[in-house]
Amino acid sequence: MINKEIKEILDKIVGDLYQDIKIPDFVVEWPKQKDFGDYALNVAMVLAKELKKSPMEIAREIMEKIKAEKGSEDLFKNITIANPGFINFEISDKYLTENLNRILKRKCKSGSSEMGKGKTVVIDYSAPNIAKPMHVGHLRSTIIGQSLYNIYSFLGYKVIGDNHIGDWGTQFGKLIYAYKNWGDKKKISKSPIEEMTKLYVRFHKESEVNENLEELARKETKRLQDKNAENIKLWKFLVKESLKDYNKIYKTLNVKFDLVLGESSYDDMLSGIVNNGLEKKIASKSEGAIVINLDKYNLSPFLIQKTDGAFLYTTTDIATAKYREEKLKADKVLYVVANEQALHFQKLFASSELLGICENVEIDHIKFGMVLGESGKKFSTRKGDTVRLNDLIRRAIEFAGKAVEEKNPKLSRSEKKKIAKTVGIGAIKYNDLSQNRLTDITFDWDKMLSFEGNSAPYLQYTYARINSLIGKFKNLYKLDRINPFEKTNFDLLKEKEEISLMRHLIKFPEAIENSARENGPHLVALYIYELASLYNSYYNSVQIVSDEKQITKARVTLSKSVSITIRNGLSLLGIDVLDRM
RNA sequence: GUCCUCGUAGUUCAACGGAUAGAACAAGAGCCUCCUAAGCUCUAGAUGUAGGUUCGAUUCCUGCCGAGGACACCA
């Protein structure tokens, strides 16, 4: 990547130039204003104090030195200095056109790297609770997780996607109790989650008048954890049926997992975890329960075993961390879980550290804000005021269907259907992935279903436009059988919009890497949006397909490399492109 | 009460401690006899508040104000 090449050169030059002092960290950054160049360097200002010289003077020294460096002309077209001490670089035309060739050659792989080769990252995402419908809140974890999965894979990591489903715990006691009393097997098989939700809601309603219910449910939970045959059988049934429903959603959203290791998978490890903690004197008894004291971290204790002997999700999470370290050989574990659980993860990570689990593993809570109801308050499953994921998806596809009907009524029915699905789902995903703010999102139908401006359909539309241009070009010059992009003379690209596009294209690999570093898919989204935006301006101001063959060819080929980049970027977000829309 | 996250145009969001704080939507003015108008061009509009650190703060630290969330036997 070019920013790294620049940094390397600079490290050397600055090191040679100022041998007497310790060089502080400095960065090669993207200037805010494009007029300043492609890359900017702040080193002169950082050094100014130490060297007791003016930043501009230092910048000048460094600039001269870079210009004198051999090979620098291949890389830079222009190097300038600007107040208060920036050194700005403009990348050479040679590099820009070489990059176009690289994109065309690498196609689907353009932008990928081997950065993470040999490293394993486990990503924990989605993790719905069995028997509860997935609502808009689950969407964030699911698609952010999937996108990080794609991004890390693209960077050469071995990625293991794990759906840590909530298939163990007290909600099963309630559900089992409800099922035994009011359940109907057939109904459940027919629409699993819906029926289970009804049971769950009924349980809560009745427990308001009947105080014993909670206690009875606790007993069912305990019986399940003690491996009572009837309860185990029931539990397996409920889990299996729930997964049927979830898998439909995953399929629609094109979300995949390598493992679906729910909480129950770690059951055998739990007593070992607690005993080990007690032996190491890290865990201790407190008010009849067993806790890990976290005073050292200024945190309240981590409760890992209840007074009645039952384990909790805290215990399971410790076991899971251990499993991921020992069995999955993770170098990095990412928990894509809502911000609400921040405290839990703080305590989990602290406890793991005390227990010597994941000592050499980078563990990170990838938190995100909640999706709030239109009232601005938290959605409540119990009150049933959430927006179900299913409904959201259905409405988005319907809405997109109407848009296609309006804009392109002549297409075949099946193509319209496909477009509606791709656009609708793309819009939902992009709406979420294009923002990484930890702020809570207030759910808004209009925004979710916006197909204009900074949205997935905008990007898909740009892709479709380019595709259409390529068709037109091939048609006009009868290029059916040959590769229309070979041996293109890029020197013909002289328009300022063309140069801007080329300058932007070199930064794609960096955008992906930044995105992984920040665990923020929105950086990829932002990048491709800017690219598409530049392209649409270009499209509007320059005639791309014309009767001058060589220029047309150069322009179409440039367009092609833009479309490859948009496609690859969208694919990292888990969004598909369309040839026509 | 303690802790976590967040306060940026009317709204939804951007901005590794850098240069003139960017977009989109909404508002207003234009652009289809011309490659897909799901598009393009132009106009107007913002860093909650008071300090501190720094050559430089939307960004880091502290206080205050405001929003949301989590706090021991649920997950």
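Select lysine 507 to start: this residue sits in the loop between helix 19 (496–505) and helix 20 (508–517). Helices here are DSSP runs of H or I with at least four residues, strands are E runs of at least two, and both are numbered from the N terminus. Is lysine 507 buried or exposed? Lysine 507 is buried, because 22 other C-beta atoms lie within 10 Å. The cut-offs: 20 or more other C-beta atoms within 10 Å of a residue's own means buried, 12 or fewer means exposed, in between is partly exposed, and C-beta atoms are placed from the backbone.

A word on the model before moving on. It is a predicted one, where local features need pLDDT of at least 70 and side-chain atom pairs count only at pLDDT 80 or more, while totals for chains, interfaces and linings use all residues. Residues are numbered from 1 along each chain as its sequence is written, and chains are lettered from A and ligands numbered from 1 in the order in which they are written.

**Zoom out to chain A**

Show chain A as a cartoon and you can pick out 22 helices and 13 strands. Along the principal axes, the C-alpha atoms fill a box of roughly 80 × 70 × 40 Å. Chain A has 581 residues, of which 42% count as buried. Take the contacts with a separation of 6 or more (contact means C-beta atoms, placed from the backbone, within 7 Å): in chain A, 76% of them link residues 24 or more positions apart.

Next, colour by domain: domain 1 is 2–91, domain 2 is 120–372, domain 3 is 389–448 and domain 4 is 456–572. Those bounds come from an automatic or database domain assignment. Draw a line between the C-alpha centres of domain 1 and domain 2 and it spans 50 Å.

**On to RNA strand B**

Select everything near RNA strand B, where near means a C-beta atom, placed from the backbone, within 6 Å of it. How many residues surround RNA strand B? There are 84, and the closest are Val27, Ala40, Gly169, Arg437 and Gly453. Colour this surface by class and you get 37 nonpolar, 29 polar and 18 charged residues. For the colouring, Ala, Val, Leu, Ile, Met, Phe, Trp, Tyr, Cys and Pro are nonpolar, Asp, Glu, Lys and Arg are charged, and the others, Gly among them, are polar. Which helix gives the most to this surface? That's helix 18 (residues 456–476), with 8 residues.

**A helix crossing**

Select helix 6 (136–154) together with helix 16 (residues 413–433). Their axes come within 10 Å and cross at roughly 85°. Helix 6 is therefore roughly perpendicular to helix 16. Axes are lines fitted to C-alpha atoms, for helices over the stretch in contact, with angles from 0 to 180 degrees between N-to-C directions; under 35 degrees is roughly parallel, over 145 roughly antiparallel, 65 to 115 roughly perpendicular and the rest oblique. Show side chains at the meeting point: Leu139, Arg140, Ile143, Ile144 and Ser147 from helix 6 meet Lys429, Asp432 and Leu433 from helix 16. By class, that contact has 4 nonpolar, 1 polar and 3 charged residues.

Most residues other than glycine have a negative phi, and most peptide bonds are trans.

- Alanine 127 isn't a glycine but has a positive phi of about 40°. Look for it in the loop between strand 5 (120–124) and helix 6. Alanine 127 is buried, with 20 other C-beta atoms within 10 Å.
- Lysine 227 has a positive phi too, near 70°, and lies in the loop between helix 10 (212–225) and helix 11 (229–253). Lysine 227 counts as exposed because it has 9 C-beta neighbours inside 10 Å.
- The peptide bond from asparagine 83 to proline 84 is cis, with omega near 0°. Proline 84 is in the loop between strand 3 (76–82) and strand 4 (86–91).

**Two last stops**

Click isoleucine 160 in strand 6 (residues 158–162). With 19 other C-beta atoms within 10 Å, isoleucine 160 is partly exposed. Valine 122 is 38 residues away along the chain, but the two C-alpha atoms are separated by 4.7 Å. Beyond four places in sequence, isoleucine 160 contacts Thr120, Val122, Asp258, Leu259 and Leu328.

Finish at alanine 319, in helix 13 (residues 313–326). Alanine 319 is buried, with 22 C-beta neighbours inside 10 Å. Leaving out residues up to four places away in sequence, alanine 319 touches Tyr266, Met269, Leu270 and Ile273.

Conventions: Contact = placed C-beta atoms within 7 Å.
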